[in-house]
Amino acid sequence: MLGTWEQRISLVGSLGQCMVDFNCFPAPWCWSDVRGRKFVLQICFLVSGTSYALLGVAPDLGFVILARVMAGLFKHTQTLCRAYLADVSLPDTESGVFGRFNAMSSLGFIVGPTIGGHLAETPHGFFWVCTIGASVFLLCGGLVWLLMPDVKPIKTNKAQENAGVAQIIHFIKQIKWSSHWDHFLVRFFLSFATLIYRSNFALLLDYMFNFSAKTVGYIISFQGIVSAVSGFLVGTLAHWYKDHTKLLLFVAVTQTLSLVGLTYAPTTLILMCCLVPLCISNAVGRVSITKITVDRCHKDEIGAVVGLGQSITSLARMLSPLVAGVAQSISIHGPGVSGAGSAAVGAVILSLMSKKPTIAILKED
């Protein structure tokens, strides 16, 4: 069992994370379907950078919440980039393109945690972490403005150019939910499985192995290296499997076994060995679920559906810290057991999905 103060810190952190995940709001993705990916992406980079800058100088909790709500509403840059890649990529190359995109994204998880871990142990470390994060967001916004070719939105009439909340709700109602509910459900359980374990990962490492913030940063960077390498291999793996539903089933089973191993790892070596298949399965799973989502979309609803899929992940991210905090207050192994159980549920749903005769069907409708 964790001590009283560790329990309280974990639960407070869980409540704070729930405030972060207001990004269930789907507007940026829907707007990108009518206003263009480039325009909306620039807005998201600008507001996200501003939110991190404000977070670094926040004088009180209320200011922190304001900054995190801003980030939650607009920090959807990776989702918008995936929608952009879906617009400009050929169907046969999408798996490889998404895999390389995720691999490049993982490079940030190699450098970022290492730098953040070192800065966190210096005077005013949190301020510098937030400042660097804000600068990177603003730099990316500038690069998008200078270098990224725009893709003409499919809906271009005057009313749609001025789309507001009512138009966004209309887009959501137009989505064929009968074609998406199963992979949305799988996305939730697999995301929840990983997120509930990671919610208290640093606290768990400190409790079990007495690791410092710097060491935790190195471990997270190690996960980023494995994910980056895995991302470059996803295209080959997807071509070998030929069926993303079956590939995702393999991911779910691997995730379940990895989380069980991580939960009961007695040594650092075993912990690291179990992290490898978890990182690989997560990298492959992100590409597979994105590919399934895109294949089931009409061309003019890719942004909205991919965005709503990300909202499912955000819902899992919102709930996982609360569940992890409660589970860890009951047992040190609580989050890991809960995560393994969630991944197992996802595997069961995928086993049923794999028996269906068709999975990706809607692009030509």
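Modeller: Start with Gly-261, which is partly exposed at a relative accessible area of 22%. Buried means under 20% relative accessible area, exposed over 50%, and partly exposed in between, with a 1.4 Å probe and protein chains only. This is a predicted model: local features need pLDDT of at least 70, side-chain atom pairs count only at pLDDT 80 or more, and totals for chains, interfaces and linings use all residues. Residues are numbered from 1 along each chain as its sequence is written, and side-chain values use heavy atoms, with hydrogens and water left out.

Biologist: Where is Gly-261 found?

Modeller: Gly-261 is in helix 13, residues 244-263. Helices are DSSP runs (H or I, at least four residues), as are strands (E, at least two), and they are numbered from the N terminus.

Biologist: How many helices and strands does the chain have?

Modeller: The secondary structure comes to 16 helices and 0 strands.

Biologist: And how much of the chain counts as buried?

Modeller: Of its 365 residues, 50% count as buried. The accessible surface of the chain is about 16900 Å², and 71% of that belongs to carbon and sulfur atoms. Those areas come from the Shrake-Rupley method with a 1.4 Å probe; for residues, only the protein chains shown count as cover.

Biologist: What about contacts between residues at least 6 apart in sequence?

Modeller: Among those, 83% join residues at least 24 apart. Contact means heavy atoms within 4.5 Å.

Biologist: Give me an example. What does Ala-193 touch?

Modeller: Leaving out residues up to four places away in sequence, Ala-193 touches Gln-255, Leu-259, Gly-339, Ser-342 and Ala-343. Ala-193 is in helix 10, residues 181-199. It counts as buried because its relative accessibility is 0%. From C-alpha to C-alpha, Ala-193 and Gly-346 are 9.0 Å apart in space, and they are 153 residues apart in sequence.

Biologist: Is Ser-320 buried or exposed?

Modeller: Ser-320 is buried, at a relative accessible area of 1%. It belongs to helix 15, residues 302-330. Apart from residues up to four places away in sequence, Ser-320 touches Phe-192, Leu-195, Ile-196 and Ser-199.

Biologist: New topic. How many cavities of 30 Å³ or more are there?

Modeller: A search of the whole structure finds 1. On a 1 Å grid over the protein atoms alone, a cavity is a set of points where a 1.4 Å probe fits but cannot get out, and lining residues have an atom within 4 Å of a point. Rolling a probe the size of a water molecule over the atoms shows where empty space is left.

Biologist: What volume does the largest cavity have?

Modeller: About 70 Å³. Grid points are joined across faces, edges and corners, and a volume is the space filled by probe spheres set on the points.

Biologist: Which residues line the largest cavity?

Modeller: The lining is made of Tyr-197, Asn-200, Phe-201, Leu-204, Met-208, Thr-263, Gln-328, Ile-332, His-333, Pro-335 and Gly-336. The elements that give two or more residues to it are helix 11 (201-209) and helix 16 (334-353). Helix 11 gives the largest share, 3 residues.

Biologist: What comes just after helix 11?

Modeller: Asn-210, which takes a positive phi of about 60°.

Notes:
1 Å grid on protein atoms, 1.4 Å probe; cavity = no way out; pocket = protein on both sides within 12 Å on 5 of 7 lines; lining within 4 Å.
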